[in-house]
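Grab a pencil and work through these exercises one at a time. Try each task yourself before you read its solution.

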Amino acid sequence: MNAGLLLLRLAVGLLIAGHGVQKVSFHLGGHGLAGGTEEFRHDGFRGGRLTALVAGGGQIGAGLFLTAGLLTPLAAMAAMGVMTVAATVKWSKGLWVQNDGYEYPLVLVVVSAALALTGPGRWSLDHTLGITSWPVWIAVAVIVIGPLSGLLTRVVLHQPSPTVERAPHARPAD
């Protein structure tokens with residue numbers, strides 16, 4: 001079980017952190033902070049550079065903490081928050097990733113929730129520091145607060161799409 005949890009934490013944590021690195025640098029195929037800023041603007045978010053920095057930093061931190069198994073419920077909560085925002089961006093495209101859907105962010109949210117419930121296992125910094133058990137209520141709170149924080153972020157930072165108004169004399173296209 002501990003080997004499985006370590007493998008899961010390594011894969012998911014490093015992937016989440018890698019997404020953050022892409023948002024703020026040219027590493028791992030990223031387009032630098034300017035590219036991350038433009039990505040958020042293109043997706044309709046306010047804040048530009050600050051939004052890219054916070055999202056990228058949140059993904060890097062959450063991913064590295066999950067990888068290390070450090071403060072696992074809190075890391076899972078942060079990961080669920082940022083990946084919920086990613087899922088909302090892709091929501092209109094449907095579930096499946098081949099259509100640029102929200103499948104992949106959803107998987108990362110669910111895996112993060114599972115890690116919050118199971119804990120990181122013995123091969124983790126939580127275990128090394130003697131944090132061997134988190135109360136169930138913390139895991140449940142994390143599973144609720146993480147996605148809700150992502151949804152709230154979407155509501156607060158997302159700008160509605162501008163509506164195109166036609167001149168009163170213009171005819172609708174056929």
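This is a predicted model: local features need pLDDT of at least 70, side-chain atom pairs count only at pLDDT 80 or more; totals for chains, interfaces and linings use all residues.

**Exercise 1.** Find which residues I16 touches, leaving out residues up to four places away in sequence.

*Solution.* Start with the rule: a contact means heavy atoms within 4.5 Å. Residues are numbered from 1 along each chain as its sequence is written, and side-chain values use heavy atoms, with hydrogens and water left out.

**Exercise 2.** Work out how many residues the largest nonpolar core has, and which elements give two or more residues to it.

*Solution.* First, the terms. A nonpolar core is a set of buried Ala, Val, Leu, Ile, Met, Phe, Trp, Tyr and Cys residues joined through side-chain atoms within 4.5 Å. Buried means under 20% relative accessible area, exposed means over 50%, and partly exposed is in between (1.4 Å probe, protein chains only).

Next, count: the largest core has 19 residues, and I16, L66, A76, M80 and V142 have the most contacts inside it. Then look at the helices (DSSP runs of H or I, at least four residues, numbered from the N terminus). Helix 1 (2–24), helix 3 (49–68), helix 4 (72–90), helix 5 (103–118) and helix 7 (136–157) each give two or more residues to this core. Finally, spot another core lying apart from it, with 6 residues, including L33, F45, A52 and A55.

**Exercise 3.** Sort the aromatic pairs: which is stacked, and which is edge-to-face?

*Solution.* Rings of Phe, Tyr and Trp (its six-membered ring) pair if their centres lie within 6.5 Å; planes under 30 degrees apart are stacked, over 60 edge-to-face, and the rest tilted. That rule gives 2 aromatic pairs.

- F40 and F45 have ring centres 5.7 Å apart and planes at 75°, so they're edge-to-face. Both F40 and F45 are buried.
- W91 and Y102 have ring centres 4.5 Å apart and planes at 25°, so they're stacked. Both sit in the loop between helix 4 and helix 5, so the pair ties together parts 11 residues apart in sequence. W91 is exposed at 55% relative accessible area, whereas Y102 is buried at 15%.

**Exercise 4.** Where does L71 lie, and what is its phi?

*Solution.* Look in the loop between helix 3 and helix 4 for L71. Its phi is positive, about 50°, although L71 is not a glycine.
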